[in-house]
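Student: I have a structure open on my screen and would like to walk through it with you. Can we start with the terms and then look at the details?

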Amino acid sequence: MTRILFVCLGNICRSPMAEAILNRYIDELDLDLSCDSAGTSSNHVGERLDKRALQKLAEYGIDAPHRGRQFLKDDFNNCDYIFAMDKQNLSDILKLWDNSGSAQIMLMRLYDPNPENEEVPDPWYGDMQGFEHVYQMLDRTIMNFLNEKLLIPIKH
Ligand code: 4NP
């Protein structure tokens, strides 16, 4: 089973949206994957997603029961891929890394087929349009990652 962790700052907008989107593909396509999300900060531990993130996911028929949790050093051993949403997230993750563990650590948008820049922007200070923008970006990036890594089984 391939284990994927999405990481952002607060773990209430970007990374739990990515987790919810991938979880739906896992269910729909019966993929041999597990996923989770975490924040580099502890500010929103135990909280549900931002209301706007929940609303955007609901528009696409996706539920997100996730509760905020902070990124842990153990995550380096418990994941195969750790996707940072932006460069600050990546730098904060790497500060905790001792070069051990099984995880490949990278920017999420490395797999975006349409990457006009390298970061998933933080929609926290914006409006619903920002959440739509982030939703589309995460959705196409996750699907492209699954395709590139051949993680979608061919059904006979
Ligand atoms: P996220 O967004 O990192 O995508 O979950 C944020 C959520 C909250 C804050 C910043 C970013 N905050 O400053 O509280």
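Tutor: Let us begin with burial: a residue is buried under 20% relative accessible area, exposed over 50%, and partly exposed in between, using a 1.4 Å probe and protein chains only. This is a predicted model, in which local features need pLDDT of at least 70 and side-chain atom pairs count only at pLDDT 80 or more, while totals for chains, interfaces and linings use all residues. Residues are numbered from 1 along each chain as its sequence is written, and side-chain values use heavy atoms, with hydrogens and water left out.

Student: OK, so is Arg 14 buried or exposed?

Tutor: Arg 14 counts as buried, because its relative accessibility is 3%. Arg 14 sits in helix H1, where helices are DSSP runs of H or I with at least four residues, strands are runs of E with at least two, and both are numbered from the N terminus.

Student: And what does the side chain of Arg 14 make a polar contact with?

Tutor: The side chain of Asp 86, at 2.9 Å; a polar contact is a pair of N or O atoms within 3.5 Å, and within protein one must be able to donate a hydrogen and the other to accept it, with residues adjacent in sequence counting only if both atoms are side-chain atoms. The Arg 14 side chain also reaches the backbone oxygen of Val 120 at 3.0 Å, and a polar side-chain atom of Arg 14 lies 2.8 Å from an oxygen atom of the ligand.

Student: How much of the ligand does the protein bury?

Tutor: The protein buries 89% of the 360 Å² that the ligand exposes when taken alone, with areas from the Shrake-Rupley method and a 1.4 Å probe. Backbone atoms take part as well: a backbone N or O atom of Leu 9 lies 3.0 Å from a ligand oxygen, and a polar backbone atom of Gly 10 is 2.8 Å from a ligand oxygen.

Student: Switching topic, in what order do the strands of the sheet run?

Tutor: Four strands form an open, parallel sheet in the order E2-E1-E3-E4, where two strands pair if DSSP finds at least two bridges between them. The edge strands are E2 (33-39) and E4 (104-107), each pairing on one side only.

Student: How many bridges join E1 and E2?

Tutor: Seven, with E1 (residues 2-8) and E2 paired in the parallel sense; Ile 4 stands opposite Cys 35 in E2, and Leu 5 stands opposite Asp 36. E1 is mostly covered, since six of its seven residues are buried.
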